[in-house]
Amino acid sequence: MIDYSPLIDRWQEGDLAPWARALPGRIEQGLSQKRYGDLERWLAALDSLPDIDVASVQLDSPRVGASSNQPLPADLSTSLREALMGLHPWRKGPFELFGVHIDTEWRSDWKWERLLPGLDPLPGRRVLDVGCGSGYHCWRMLGAGAREVIGIDPTPLFVVQFWALQKYLQQAAAWVLPLGIEQVPPKLRAFDSVFSMGVLYHRRSPMDHLLELRDCLRPGGQLVLETLVIEGGPGAVLVPEGRYARMGNVWFLPSCDTLLGWLRKTGFADARVVDVGNTSTAEQRTTEWMTFHSLANFLDPDDSSKTIEGYTAPRRAVITARAPGNWEPAD
């Protein structure tokens, strides 16, 4: 069920040709059963998904999904649910497939609503979503009119989840590739919009990440950046000494003013804050589709304004900026 050949064939001509030539080897590495011991089990779950006639697809509603003309028989619904549960944990969503509600850890639809006021219109644009997970926001971008949406994520489980959804959503313009931004050719400059959400604070060098994002964009293209921030003025940055909210790979949490300065320093223009606010335990929480610890377990039980380590609780900002030059739509 996992077949990237139509995408690679489509990219043989044009500004994405350099990436097309590298993709077969990158995909093989990203979905290597030798590297990822659970991949065989996830692929078996993918293969066990039942065939269901799709009557309609929903890409522009909070629960991205597909529906049929009539309710599924109980045994078919159970088979579908069990196959999807075989891909636990589900982090980003929500989704609904034929009456089966995948209640993911994150209410990613809330983040989408916060992004919307700052977005350049997406119709006709080619979009890159860095660290996309199972592709929830990719589907929403497509539903908002994007011409082509490419998600990248190095976690093979999330890639398999995307293909499980794709079995029913059947969108030839949406893809999730099993790789990180390091596997995108340098200075590609092929995307009209680039999203990086929940990635910057995991990067040891945030400046390098911003440069990577800039070099994916066509001249004048839009960056949409969502990341953890702290309160403070220019120059304020938190570098956690150990873990932050029990995450070991958190490196830099800037203030909004500091982040705006980083964007200017790396060559972006028109940087502005679209939204900023604290993450709530209603937006990120444990569900039956993600049964591990979540935000409530990462906060001080006696003071929810602090993490378990004593830092300020997660606060997230949405910031947009523009790559240098004048934008013209991709061919």
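User: Why is C216 called buried?

Analyst: Buried means under 20% relative accessible area, while over 50% is exposed and anything in between is partly exposed (1.4 Å probe, protein chains only). C216 has 2% relative accessibility, so C216 counts as buried. A friendly note before we go on: this is a predicted model, in which local features need pLDDT of at least 70, side-chain atom pairs count only at pLDDT 80 or more, and totals for chains, interfaces and linings use all residues. Residues are numbered from 1 along each chain as its sequence is written, and side-chain values use heavy atoms, leaving out hydrogens and water.

User: What places H209 in a helix, and is the residue buried or exposed?

Analyst: Helices (H or I, at least four residues) and strands (E, at least two) are DSSP runs, numbered from the N terminus. H209 is in helix 8, residues 206-216. With a relative accessible area of 1%, H209 is buried. Other buried residues of helix 8 include L210, L213 and C216.

User: What makes the H209 and S196 side chains a polar contact?

Analyst: A polar contact is a pair of N or O atoms within 3.5 Å (within protein, one must be able to donate a hydrogen and the other to accept it, and residues adjacent in sequence count only if both atoms are side-chain atoms). The two side chains make theirs at 3.0 Å.

User: Why is the Y4 and W175 pair called tilted?

Analyst: The whole structure has 11 aromatic pairs. Rings of Phe, Tyr and Trp (its six-membered ring) pair if their centres lie within 6.5 Å; planes under 30 degrees apart count as stacked, over 60 as edge-to-face and the rest as tilted. Here the centres are 5.9 Å apart and the planes are at 35°, so the pair is tilted. The two residues are 171 residues apart in the chain, with W175 in strand 9.

User: Then what makes W11 and W19 stacked?

Analyst: Their ring centres are 5.4 Å apart and their planes are at 20°, so this pair is stacked. Both W11 and W19 are buried.
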